[in-house]
Amino acid sequence: MSTPSNAPPARKHFSMIRGFHLADMFTLGNAACGVGAVFLAMAFVASQSIDHFLWAAALAPAAFIFDVFDGRIARWRQTHSALGRELDSLADIISFGVAPAALAFAAGLKGGWDCLLLIYFVCCGVSRLARYNVTAEALSEGADKVKFFEGTPIPTSVALVGVLALAAWQGRIGEAIWGGVWLVGPWALHPLTLLFGLSGTLMISKTLRIPKF
(Lines give C-alpha, C1' and ligand atoms only; values in the text may rest on other atoms or scores of the structure.)
Protein backbone atom coordinates (compact mmCIF):
# COMPACT_ATOMS: atom_id res chain seq x y z
CA MET A 1 0.00 0.00 0.00
CA SER A 2 1.49 3.33 -1.05
CA THR A 3 1.56 6.28 1.29
CA PRO A 4 0.62 9.79 0.18
CA SER A 5 3.59 11.94 -0.59
CA ASN A 6 4.18 15.03 1.53
CA ALA A 7 6.35 16.62 -1.13
CA PRO A 8 5.31 20.17 -2.05
CA PRO A 9 3.74 20.63 -5.48
CA ALA A 10 6.15 21.39 -8.29
CA ARG A 11 6.75 25.10 -8.69
CA LYS A 12 5.41 26.47 -11.95
CA HIS A 13 8.08 28.06 -14.10
CA PHE A 14 7.72 31.84 -14.35
CA SER A 15 8.01 32.87 -17.98
CA MET A 16 9.29 36.42 -18.08
CA ILE A 17 8.62 36.84 -21.80
CA ARG A 18 5.03 35.62 -21.58
CA GLY A 19 4.60 37.80 -18.50
CA PHE A 20 5.32 40.98 -20.45
CA HIS A 21 2.42 43.23 -21.43
CA LEU A 22 2.27 46.15 -23.85
CA ALA A 23 2.75 48.59 -20.97
CA ASP A 24 5.97 46.80 -20.00
CA MET A 25 7.39 47.49 -23.47
CA PHE A 26 6.96 51.20 -22.79
CA THR A 27 8.63 50.74 -19.41
CA LEU A 28 11.62 49.16 -21.12
CA GLY A 29 11.64 52.13 -23.52
CA ASN A 30 11.97 54.33 -20.44
CA ALA A 31 14.94 52.26 -19.22
CA ALA A 32 16.56 52.34 -22.66
CA CYS A 33 16.39 56.14 -22.69
CA GLY A 34 18.07 56.27 -19.30
CA VAL A 35 20.90 53.97 -20.34
CA GLY A 36 21.35 55.94 -23.55
CA ALA A 37 21.60 59.15 -21.55
CA VAL A 38 24.36 57.65 -19.38
CA PHE A 39 26.28 56.48 -22.45
CA LEU A 40 25.98 59.91 -24.06
CA ALA A 41 27.11 61.61 -20.86
CA MET A 42 30.24 59.43 -20.92
CA ALA A 43 30.70 60.21 -24.61
CA PHE A 44 30.55 63.92 -23.79
CA VAL A 45 33.28 63.54 -21.17
CA ALA A 46 35.49 61.92 -23.80
CA SER A 47 34.64 64.17 -26.75
CA GLN A 48 33.50 67.45 -25.15
CA SER A 49 31.01 67.66 -28.02
CA ILE A 50 28.01 69.69 -26.86
CA ASP A 51 25.82 67.60 -29.16
CA HIS A 52 26.48 64.53 -27.02
CA PHE A 53 25.41 66.43 -23.91
CA LEU A 54 22.25 67.86 -25.43
CA TRP A 55 21.19 64.52 -26.87
CA ALA A 56 21.71 62.95 -23.45
CA ALA A 57 19.54 65.65 -21.89
CA ALA A 58 16.87 65.15 -24.58
CA LEU A 59 16.48 61.52 -23.56
CA ALA A 60 15.16 62.61 -20.15
CA PRO A 61 11.82 63.97 -21.46
CA ALA A 62 11.67 60.98 -23.83
CA ALA A 63 11.94 58.67 -20.83
CA PHE A 64 9.25 60.71 -19.08
CA ILE A 65 6.88 60.22 -22.02
CA PHE A 66 7.44 56.46 -21.92
CA ASP A 67 6.87 56.54 -18.14
CA VAL A 68 3.55 58.36 -18.51
CA PHE A 69 2.26 56.08 -21.24
CA ASP A 70 3.17 52.80 -19.56
CA GLY A 71 0.87 53.62 -16.64
CA ARG A 72 -1.96 54.79 -18.85
CA ILE A 73 -1.72 51.75 -21.09
CA ALA A 74 -1.70 49.43 -18.08
CA ARG A 75 -4.88 51.03 -16.75
CA TRP A 76 -6.50 51.05 -20.19
CA ARG A 77 -5.77 47.37 -20.80
CA GLN A 78 -6.20 46.44 -17.11
CA THR A 79 -2.86 44.66 -17.09
CA HIS A 80 -1.42 45.71 -13.74
CA SER A 81 1.11 43.20 -12.40
CA ALA A 82 3.81 42.90 -9.76
CA LEU A 83 6.35 42.46 -12.56
CA GLY A 84 5.21 45.69 -14.20
CA ARG A 85 5.49 47.62 -10.94
CA GLU A 86 9.03 46.39 -10.31
CA LEU A 87 10.04 47.08 -13.91
CA ASP A 88 8.70 50.62 -13.61
CA SER A 89 10.72 51.34 -10.47
CA LEU A 90 13.93 49.90 -11.89
CA ALA A 91 13.52 51.89 -15.11
CA ASP A 92 12.79 55.08 -13.17
CA ILE A 93 15.93 54.84 -11.06
CA ILE A 94 18.02 54.57 -14.23
CA SER A 95 16.32 57.36 -16.18
CA PHE A 96 15.50 59.79 -13.38
CA GLY A 97 18.16 58.94 -10.80
CA VAL A 98 21.40 57.63 -12.28
CA ALA A 99 21.16 59.43 -15.64
CA PRO A 100 20.65 62.97 -14.19
CA ALA A 101 23.51 62.37 -11.75
CA ALA A 102 25.76 61.19 -14.59
CA LEU A 103 24.86 64.30 -16.60
CA ALA A 104 25.60 66.54 -13.64
CA PHE A 105 29.00 64.93 -13.18
CA ALA A 106 29.73 65.26 -16.91
CA ALA A 107 28.72 68.94 -16.74
CA GLY A 108 31.48 69.60 -14.23
CA LEU A 109 29.83 68.93 -10.87
CA LYS A 110 32.63 66.61 -9.83
CA GLY A 111 34.03 68.09 -6.62
CA GLY A 112 34.10 65.97 -3.48
CA TRP A 113 30.96 67.56 -2.02
CA ASP A 114 29.29 67.42 -5.43
CA CYS A 115 29.83 63.66 -5.61
CA LEU A 116 28.41 63.15 -2.13
CA LEU A 117 25.33 65.20 -3.01
CA LEU A 118 24.82 63.31 -6.27
CA ILE A 119 25.14 59.98 -4.46
CA TYR A 120 22.65 61.25 -1.87
CA PHE A 121 20.28 62.24 -4.68
CA VAL A 122 20.38 58.77 -6.25
CA CYS A 123 19.98 57.02 -2.89
CA CYS A 124 16.97 59.20 -2.11
CA GLY A 125 15.47 58.20 -5.44
CA VAL A 126 16.00 54.50 -4.70
CA SER A 127 14.46 54.92 -1.24
CA ARG A 128 11.54 56.90 -2.64
CA LEU A 129 10.68 54.18 -5.16
CA ALA A 130 11.03 51.41 -2.59
CA ARG A 131 8.69 53.24 -0.21
CA TYR A 132 6.18 53.74 -3.01
CA ASN A 133 6.20 50.03 -3.87
CA VAL A 134 5.48 48.92 -0.30
CA THR A 135 2.85 51.59 0.41
CA ALA A 136 1.04 51.85 -2.95
CA GLU A 137 -1.71 49.42 -1.97
CA ALA A 138 -2.49 51.28 1.25
CA LEU A 139 -2.36 54.69 -0.46
CA SER A 140 -4.69 53.60 -3.26
CA GLU A 141 -7.44 52.65 -0.76
CA GLY A 142 -8.81 50.02 -3.12
CA ALA A 143 -8.73 52.22 -6.22
CA ASP A 144 -6.79 51.49 -9.41
CA LYS A 145 -4.07 53.99 -8.56
CA VAL A 146 -2.78 55.99 -5.61
CA LYS A 147 -4.48 59.28 -4.82
CA PHE A 148 -1.33 61.17 -3.86
CA PHE A 149 2.44 60.90 -3.74
CA GLU A 150 4.38 61.02 -0.49
CA GLY A 151 7.30 63.23 -1.45
CA THR A 152 7.98 64.43 -4.97
CA PRO A 153 7.95 61.72 -7.67
CA ILE A 154 11.39 60.86 -9.01
CA PRO A 155 10.51 61.91 -12.61
CA THR A 156 10.57 65.53 -11.36
CA SER A 157 14.34 65.26 -11.84
CA VAL A 158 13.63 66.00 -15.51
CA ALA A 159 13.57 69.64 -14.38
CA LEU A 160 17.17 69.31 -13.15
CA VAL A 161 18.20 67.91 -16.51
CA GLY A 162 16.49 70.90 -18.14
CA VAL A 163 18.61 73.25 -16.02
CA LEU A 164 21.78 71.42 -17.09
CA ALA A 165 20.72 71.48 -20.74
CA LEU A 166 20.10 75.23 -20.62
CA ALA A 167 23.48 75.78 -18.99
CA ALA A 168 25.14 73.66 -21.68
CA TRP A 169 23.29 75.57 -24.43
CA GLN A 170 24.70 78.81 -23.03
CA GLY A 171 28.20 77.37 -22.69
CA ARG A 172 27.98 77.51 -18.88
CA ILE A 173 29.21 74.05 -17.95
CA GLY A 174 32.67 72.81 -17.07
CA GLU A 175 34.90 75.59 -15.76
CA ALA A 176 32.24 78.20 -16.55
CA ILE A 177 29.35 76.40 -14.82
CA TRP A 178 26.61 78.49 -13.24
CA GLY A 179 27.30 79.46 -9.65
CA GLY A 180 31.03 78.91 -9.82
CA VAL A 181 32.79 76.77 -7.25
CA TRP A 182 33.41 77.06 -3.51
CA LEU A 183 36.19 75.44 -1.54
CA VAL A 184 34.55 74.03 1.58
CA GLY A 185 37.05 72.30 3.83
CA PRO A 186 39.04 69.71 1.89
CA TRP A 187 36.71 69.52 -1.11
CA ALA A 188 35.15 71.66 -3.81
CA LEU A 189 31.43 72.36 -3.98
CA HIS A 190 29.55 73.75 -6.95
CA PRO A 191 26.41 75.49 -5.61
CA LEU A 192 24.41 74.14 -8.54
CA THR A 193 24.70 70.66 -6.99
CA LEU A 194 22.59 71.85 -4.05
CA LEU A 195 19.57 71.59 -6.36
CA PHE A 196 20.16 67.84 -6.50
CA GLY A 197 20.41 67.68 -2.72
CA LEU A 198 17.13 69.60 -2.42
CA SER A 199 15.44 67.35 -4.97
CA GLY A 200 16.53 64.22 -3.11
CA THR A 201 15.30 65.60 0.21
CA LEU A 202 11.88 66.45 -1.25
CA MET A 203 11.58 62.94 -2.69
CA ILE A 204 11.91 61.27 0.70
CA SER A 205 9.71 63.77 2.52
CA LYS A 206 6.93 62.10 4.51
CA THR A 207 4.86 65.21 5.09
CA LEU A 208 4.85 66.53 1.51
CA ARG A 209 1.81 65.10 -0.28
CA ILE A 210 1.22 65.74 -3.97
CA PRO A 211 -2.11 64.75 -5.57
CA LYS A 212 -1.80 62.25 -8.43
CA PHE A 213 -3.96 63.13 -11.40
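1. Trp 113 has 30% relative accessibility and so counts as partly exposed. Partly exposed lies between buried, under 20% relative accessible area, and exposed, over 50% (1.4 Å probe, protein chains only). Trp 187, at 39% relative accessibility, also counts as partly exposed.

2. A word on the source. This is a predicted model: local features need pLDDT of at least 70, side-chain atom pairs count only at pLDDT 80 or more, and totals for chains, interfaces and linings use all residues. Residues are numbered from 1 along each chain as its sequence is written, and side-chain values use heavy atoms, with hydrogens and water left out.

3. The structure holds five aromatic pairs. In one of them, the rings of Trp 113 and Trp 187 have centres 5.0 Å apart and planes at 65 degrees, so the pair is edge-to-face. Rings of Phe, Tyr and Trp (its six-membered ring) pair if their centres lie within 6.5 Å; planes under 30 degrees apart are stacked, over 60 edge-to-face, the rest tilted. The pair links distant parts of the chain: Trp 113 sits in helix 5 and Trp 187 in strand 3 (residues 187-189), 74 residues apart. Helices (H or I, at least four residues) and strands (E, at least two) are DSSP runs, numbered from the N terminus. Elsewhere, Phe 26, Phe 66 and Phe 69 form one aromatic cluster.

4. Both tryptophans belong to a nonpolar surface patch, together with Leu 116, Ile 119, Trp 182, Val 184 and Leu 194. The accessible area of the patch is about 660 Å², by the Shrake-Rupley method with a 1.4 Å probe; for residues, only the protein chains shown count as cover. Patch residues have over 30% relative accessible area and no salt bridge; nonpolar side chains (Val, Leu, Ile, Met, Phe, Trp, Tyr) are joined within 5 Å, like charges within 9 Å. A salt bridge is a side-chain nitrogen of Lys or Arg within 4 Å of a carboxyl oxygen of Asp or Glu. Helix 5 (112-140) and strand 2 (182-184) each supply at least two patch residues. Helix 5 gives the largest share, three residues.

5. The largest nonpolar core has 33 residues; Phe 53, Leu 103, Phe 121, Leu 164, Ile 173 and Phe 196 have the most contacts inside it. Such a core is a set of buried Ala, Val, Leu, Ile, Met, Phe, Trp, Tyr and Cys residues joined through side-chain atoms within 4.5 Å. Among the elements giving two or more residues to this core are helix 2 (22-47), helix 3 (50-77) and helix 4 (82-106).

6. Beyond its neighbours within four places in sequence, Phe 121 is in contact with residues including Phe 96, Pro 100, Leu 160, Phe 196 and Met 203. Contact means heavy atoms within 4.5 Å.

7. Ile 65 is in helix 3. With a relative accessible area of 48%, Ile 65 is partly exposed.
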